[in-house]
Amino acid sequence: MASFLNDYFGKRGTRYDQPVAPNRSERILGALVVVLLAAALAAVIKGRAQWGQIPWQVWVHLLTIGIALVITPAMMWLKRGDRVHRILGRIWAISMFVTAILSFDIRLINQGGLSYIHILSVITLVGVPVLVISARRRDLQRHRGQARGFVIGALLVAGFFTFPFNRLLGGWLFG
């Protein structure tokens with residue numbers, strides 16, 4: 001068992017020879033996530049009169065995606081490959097995975113059926129393990145590209161689509 005855990009989680013200090021610094025695009029992605037987080041928080045605060053009407057699944061979904069949104073700028077702006085990055089990465093991956101699973105139980109639009117946004121949930125359920133495996137294998141190029149893709153697609157694009165007027169956060173923010 002100890003060997004399996006060591007293979008899975010790795011030994012301290014064995015990830016990269018040197019921590020990797022963020023580049024310009026990663027700094028911009030982090031800033032865009034901060035803007036999205038601020039909009040989501042503003043929407044939730046503005047919608048407090050309706051909080052009691054919201055199902056628990058939506059609250060847990062908001063919490064888990066909120067955790068990912070809070071962690072993402074740190075992941076994008078700080079050096080990679082160190083212990084802090086690995087710990088935050090594990091929390092981020094779990095948050096994204098739980099968010100994707102919960103999304104299948106949230107059907108407030110589309111007459112109670114699944115919507116196109118659930119395609120992103122399937123991609124996330126497949127992609128998060130691939131992201132983790134690429135980090136475990138120290139495939140820096142693949143891991144970095146996948147991480148950027150998740151920030152753009154699963155956070156920023158999906159986050160943008162939570163704000164049209166017929167969606168919960170959009171209604172709260174603009175209503």
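A: To sort a lining by class, Ala, Val, Leu, Ile, Met, Phe, Trp, Tyr, Cys and Pro count as nonpolar, Asp, Glu, Lys and Arg as charged, and the others, Gly among them, as polar. In this predicted model, the lining of the largest pocket has 25 nonpolar, 13 polar and two charged residues by class. The volume of the largest pocket is about 880 Å³. Its lining is made of 40 residues, and those closest to the centre are His61, Leu62, Ile65, Thr162 and Arg167. Two or more lining residues come from each of helix H2 (24-46), helix H3 (56-77), H4, helix H5 (117-136), H6 and helix H7 (168-174). H3 gives the most, with eight residues.

Now for the aromatic rings. There are four aromatic pairs in the count. One of them joins Trp51 and Trp59: the ring centres are 5.7 Å apart and the planes stand at 85°, so this pair is edge-to-face. Trp51 is partly exposed, at 36% relative accessibility, and Trp59 is also partly exposed, with a relative accessible area of 28%. Another pair is Trp92 and Phe150, with centres 5.9 Å apart and planes at 75°, so it is edge-to-face. This pair links distant parts of the chain, with Trp92 in helix H4 (residues 83-103) and Phe150 in helix H6 (residues 140-160), 58 residues apart. Trp92 and Phe150 are both buried. Finally, Trp51 and Trp59 form one aromatic cluster together with Trp172.

Technical notes:
Residues numbered from 1 in each chain as written. Predicted model: local features only at pLDDT ≥ 70, side-chain atom pairs only at ≥ 80, totals over all residues. Heavy atoms only, no water. Phe/Tyr/Trp six-rings, centres within 6.5 Å; stacked < 30°, edge-to-face > 60°. Buried < 20%, exposed > 50% of the residue type's maximum accessible area, 1.4 Å probe, protein only. Helix = DSSP H or I, 4+ residues; strand = E, 2+ residues; numbered from the N terminus. 1 Å grid on protein atoms, 1.4 Å probe; cavity = no way out; pocket = protein on both sides within 12 Å on 5 of 7 lines; lining within 4 Å. Points joined across faces, edges and corners; volume = space filled by probe spheres on them.
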